[in-house]
Amino acid sequence: MKFLLSSLLLPVSVQAFSATHGAHRSIRTDLRAETNEVIETVVEGVDDVESKLELETNFVEKEEASVDEMQNIKAMHSSPAEYEEVTFKCDKNTQFWKDYNMDGNYQEADFLNDVATVSSNFISKGSDAVGYWARHNARSGYFLGNAVLGTISSSLHERLRNAEQENNFASAFSAKVIAGMLSEVALSYEQDYERIEQGKYKKPYDMYTQNRQNNPFYFGQQTSRFISEAIGTIARRNRGTEDDKRTWLTDNPSTELYPDYYKTAFHYQTDGWMSQDSANVYETSTETLFLGRQDAMQRTALVPLVEFANEMKDIGRPLKILEVACGTGRFMTFARDNLPLDTEFTAVDLSPFYLDKARDNDKNWRNIRKGSESSDTKIAPATFIQAKAEDLPFEDEEYDAVICMYLYHEIPREIRAKASAEMARVTKKGGKVILTDSYQLGDRPGMNPFMKNFEKMNEPHYVDFIEDFLPLHFEKEGLVPDAKIFCSRTKTLSFTKPE
Ligand SMILES: C[S@@+](CC[C@H](N)C(=O)[O-])C[C@H]1O[C@@H](n2cnc3c(N)ncnc32)[C@H](O)[C@@H]1O
């Protein structure tokens with residue numbers, strides 16, 4: 001599981017914005033205002049062809065100036081993380097993960113020492129903390145068990161088939177790699193719990209109530225789905241041929257709804273995004289990859305979301321929140337659990353199968369949540385819409401906040417730019433855009449040499465992604481960077497759309 005190594009960070013305290021950055025931002029804001037002025041004039045209707053041409057030339061020149069400015073920013077910063085450090089208010093974990101095993105000298109004992117320290121920290125905090133720690137250890141134990149079973153099953157399967165390929169996936173596991181993973185898991189839980197203690201968001205609803213996740217039949221079924229999926233995925237990953245990247249949709253020219261970049265078997269998973277089987281096993285597969293800490297990493301997005309919802313509590317109408325590329329909707333359930341119950345939540349994805357699973361997750365969450373509310377409490381279902389991130393079917397300024405999680409590393413750079421423009425467009429003035437995705441170059445310098453390995457999991461845009469200055473896509477649209485929150489291999493960046 002070499003690619004597990006190749007992933008994510010946070011520094012102490014609020015970073016002061018650099019004077020240089022302030023200058024960049026004001027140039028960009030001026031450019032945006034001028035450009036908008038030009039567009040408005042065009043829209044108002046200029047009949048004279050010459051004037052039109054002049055305006056167009058003006059517009060192109062300004063766009064070029066903006067491109068130059070972006071290039072200057074890139075030239076001045078050695079990595080996306082370095083730029084973010086001077087642009088966002090970084091939480092303390094950003095620095096923590098940046099320093100973590102920075103020189104790559106940690107040994108097994110160092111990693112295990114981290115686990116022991118986290119464990120005694122939890123114990124010293126009392127019964128509530130111990131409850132969280134015990135539940136999350138059980139959770140990671142389950143996913144570790146899945147990882148072991150999946151790897152053994154895949155090795156046996158390959159041997160029975162007399163496959164000639166080396167199982168380089170399985171052979172990448174060593175005691176040190178596993179100890180490193182356990183250390184990251186423990187530290188992620190410690191940081192998640194700290195954010196809960198600080199009231200940044202609630203405890204995960206599904207850890208403390210009776211629900212299907214605690215039902216042996218449910219998780220037994222998930223494990224058996226995962227093992228059969230792992231056998232296929234690992235075999236395809238070991239071979240890594242073009243054929244292994246195909247799905248039933250790959251060569252289908254009639255499906256204009258689905259862009260070419262979408263028609264591949266991401267992660268070598270069966271059917272890519274396009275089957276119910278894929279949607280049913282997705283959460284178990286990704287949580288196994290992260291040994292159970294994916295939820296904790298994703299909850300970094302709750303920090304700016306909940307803060308924003310608190311600021312908006314007196315607006316006198318329900319909040320309108322949009323999640324783009326919601327996948328199976330697991331994060332949506334945490335978001336909804338932390339937002340006012342009358343929030344109108346819309347979830348978009350391109351896969352009808354993943355949307356259907358998200359609908360099921362939403363129903364499950366509503367049932368659990370209703371159990372802790374008075375009998376007459378109404379919780380409306382979220383709205384689910386099949387659409388592209390780069391072409392959202394909404395009016396301008398329809399949503400108070402827009403969230404997008406783990407999408408950008410899977411799409412080409414020009415689609416990232418279009419999706420950012422769309423998210424900025426549909427956000428109300430004064431609203432938020434919250435982007436959560438994988439760590440990138442510079443976030444954890446010790447991981448820089450390994451990050452690219454994730455591309456081998458049929459992640460065709462990952463190498464470009466780790467070099468892409470993501471904030472620039474949003475700043476170009478007039479959004480202003482706010483906060484950066486980091487956990488293990490995931491970061492959340494939040495932006496405000498100025499009034
Ligand atoms: C890695 S998954 C992430 C899902 C979910 N946000 C999560 O964090 O678990 C990527 C999701 O993006 C969706 N997707 C990919 N390209 C898309 C696009 N252009 N527009 C909308 N959804 C897209 C896929 O269908 C898939 O559900």
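Just after helix α9, glycine 199 takes a positive phi of about 75°. The model is a predicted one, in which local features need pLDDT of at least 70 and side-chain atom pairs count only at pLDDT 80 or more, while totals for chains, interfaces and linings use all residues. Residues are numbered from 1 along each chain as its sequence is written.

Helix α9 itself covers residues 175-197, a run of 23 residues that reaches 33 Å from its first C-alpha to its last, close to the 33 Å expected at 1.5 Å a residue, where the expected span is 1.5 Å times one less than the number of residues. Helices here are DSSP runs (H or I, at least four residues), numbered from the N terminus.

Two packed helices are described by the angle between their axes and the distance between the axes. The axes are lines fitted to C-alpha atoms over the stretch in contact, and angles run from 0 to 180 degrees between N-to-C directions.

| Helix pair | Angle | Axis distance |
|---|---|---|
| α6 (residues 108-124) and α9 | about 25° | 8 Å |
| α11 (residues 276-289) and α15 (residues 352-371) | about 50° | 8 Å |
| α13 (residues 302-311) and α14 (residues 330-338) | about 30° | 10 Å |

The angle between α13 and α14 makes α13 roughly parallel to α14, a term used for angles under 35 degrees, with over 145 counted as roughly antiparallel, 65 to 115 as roughly perpendicular and the rest as oblique. The crossing of α13 and α14 is right-handed, that is, the near helix is turned clockwise from the far one by less than a right angle, anticlockwise being left-handed. In this pair, Leu302, Leu305 and Val306 of α13 meet Phe334, Ala335 and Asn338 of α14, contact being defined by C-beta atoms, placed from the backbone, that lie within 7 Å. The contact of α13 with α14 has 5 nonpolar, 1 polar and no charged residues, where Ala, Val, Leu, Ile, Met, Phe, Trp, Tyr, Cys and Pro count as nonpolar, Asp, Glu, Lys and Arg as charged, and the others, Gly among them, as polar.

Helices α11 and α15 are oblique to each other, and their crossing is right-handed. Gln276, Ser278, Ala279 and Asn280 in α11 meet Phe353, Tyr354, Asp356 and Lys357 in α15, and the residues of this contact divide into 3 nonpolar, 3 polar and 2 charged.

By contrast in handedness, α6 passes α9 in a left-handed crossing, and the contact of α6 with α9 has 9 nonpolar, 3 polar and 4 charged residues.

How values were computed: Helix = DSSP H or I, 4+ residues; strand = E, 2+ residues; numbered from the N terminus. Contact = placed C-beta atoms within 7 Å.
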